Amino acid sequence: MQRLASRITVTAKVSSSLRTIILKETPSSSSSWLSIRCFSAFSSQQRVKNPETEAIPGDLLKWGSLGFFRTSRFASGFKPLEPKPLDSIMDLNRAKNRSPEDLASIWDDYHLGRGHIGLTMKAKLYRLLEQRGSDCRYFVIPLWRGSGYTTMFAQVQLPYMLFTGLEDYKARGTQASPYFTASFYTEFAESKDLVLIRGDIVFTSKLTDEEAKWHLETTQSFYLNDVRYELVECFNKEPRDFEFKDVLQALDMPIL
């Protein structure tokens with residue numbers, strides 16, 4: 001019991017110290033280098049003047065029943081995510097003196113319980129993700145819930161990722177609202193080999209923080225793992241041969 005109480009005390013002290021570093025005590029305080037400001041959220045009233053010209057992969061014969069069409073585009077009715085500059089969230093001068101490990105820890109912990117997701121990745125992996133995302137922009141990921149799964153549709157267009165439910169996409173097409181968005185910050189890619197990732201849940205009724213984090217990490221794994229990426233390539237380049245059961249098997253999910 002004494003050891004447990006000691007651990008709790010130490011944890012509380014560390015959490016309190018971290019909170020002091022991260023959060024501003026008052027809006028005018030300049031002592032903290034990571035502020036509480038958030039990114040601009042998507043608005044259904046904002047329209048794109050020049051929507052993406054790339055269409056979702058055509059000839060998806062096996063996916064025709066899921067609502068894909070050659071001329072369909074994802075989220076073309078929405079204005080691209082407009083995050084505030086990183087220097088409006090973080091004091092970059094003070095951050096320069098932090099180690100990559102400290103920055104990653106503070107960034108991740110800062111987003112806990114805020115309705116956002118904080119992740120980091122190595123610059124080399126980001127460059128690979130960027131390369132593969134430009135070549136294969138779309139994919140589908142099952143999100144397991146209870147005794148079944150919900151299929152999510154992803155668009156990778158770095159420095160952003162957009163996610164929506166496949167059923168919503170089938171029903172609303174270009175007007176389908178993104179459930180979840182992710183932004184990638186590369187300010188420390190060269191100096192610290194670190195890319196900061198921020199995920200924003202647009203509809204908390206659709207995804208929990210844990211589900212959004214799992215979905216983002218899983219989507220990245222399909223682009224960064226050579227074996228899994230073959231499925232992404234198949235979906236985008238050889239859709240006639242794409243089998244969704246292969247994705248389920250890759251994730252050790254039962255085929256229902």
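Trainee: How many bridges join strand 1 to strand 6?

Mentor: Happy to start there, keeping in mind that this is a predicted model. Strand 1 and strand 6 run antiparallel. The number of bridges joining strand 1 to strand 6 is six.

Trainee: Thanks! In what order do the six strands of the open sheet lie?

Mentor: The pairing in this open sheet is antiparallel. Strand 1 (116–121) and strand 2 (138–145) are the edge strands, each pairing on one side only. From one strand to the next, the twist averages 20°. The order of the six strands is 1-6-5-4-3-2.

Trainee: Which residue in strand 6 stands opposite F180?

Mentor: Let's look at strand 5 (residues 180–185) and strand 6 (residues 195–201), which are joined by six bridges. These two strands run antiparallel. The residue in strand 6 opposite F180 is I201.

Trainee: Which strands does helix 8 touch as it packs on the sheet?

Mentor: Take helix 7 (residues 209–224) for context: this helix packs on the sheet and touches strand 1, strand 2, strand 3 (148–157), strand 4 (160–165), strand 5 and strand 6, with its direction making about 140° with that of strand 2. Helix 8 (residues 226–237) also packs on the sheet, and its direction makes about 120° with that of strand 2. The strands touched by helix 8 are strand 2 and strand 3.

Trainee: How many residues of strand 1 are buried?

Mentor: Strand 1 is an edge strand, pairing on one side only. Even so, strand 1 is mostly covered. Of its six residues, the number buried is five.

Trainee: Is C234 buried or exposed?

Mentor: The cut-off for buried is under 20% relative accessible area. C136, for one, is buried at 0%. C234 has a relative accessibility of 17%, so C234 counts as buried.

Trainee: And how many disulfides are there?

Mentor: The test is a pair of cysteine sulfur atoms within 2.5 Å. By this rule, the count of disulfides is zero.

Trainee: Why does K96 count as exposed?

Mentor: K96 sits in the loop between helix 2 (92–95) and helix 3 (100–110). Exposed means over 50% relative accessible area. K96 counts as exposed because its relative accessible area is 53%.

Trainee: One last one: what distance separates the C-alpha atoms of K96 and S191?

Mentor: Along the chain, K96 and S191 are 95 residues apart.

Note on methods:
Residues numbered from 1 in each chain as written. Predicted model: local features only at pLDDT ≥ 70, side-chain atom pairs only at ≥ 80, totals over all residues. Heavy atoms only, no water. Pairing = 2+ DSSP bridges. Helix = DSSP H or I, 4+ residues; strand = E, 2+ residues; numbered from the N terminus. Axes fitted to C-alpha atoms, helices over the stretch in contact; angles between N-to-C directions. Contact = heavy atoms within 4.5 Å. Buried < 20%, exposed > 50% of the residue type's maximum accessible area, 1.4 Å probe, protein only.
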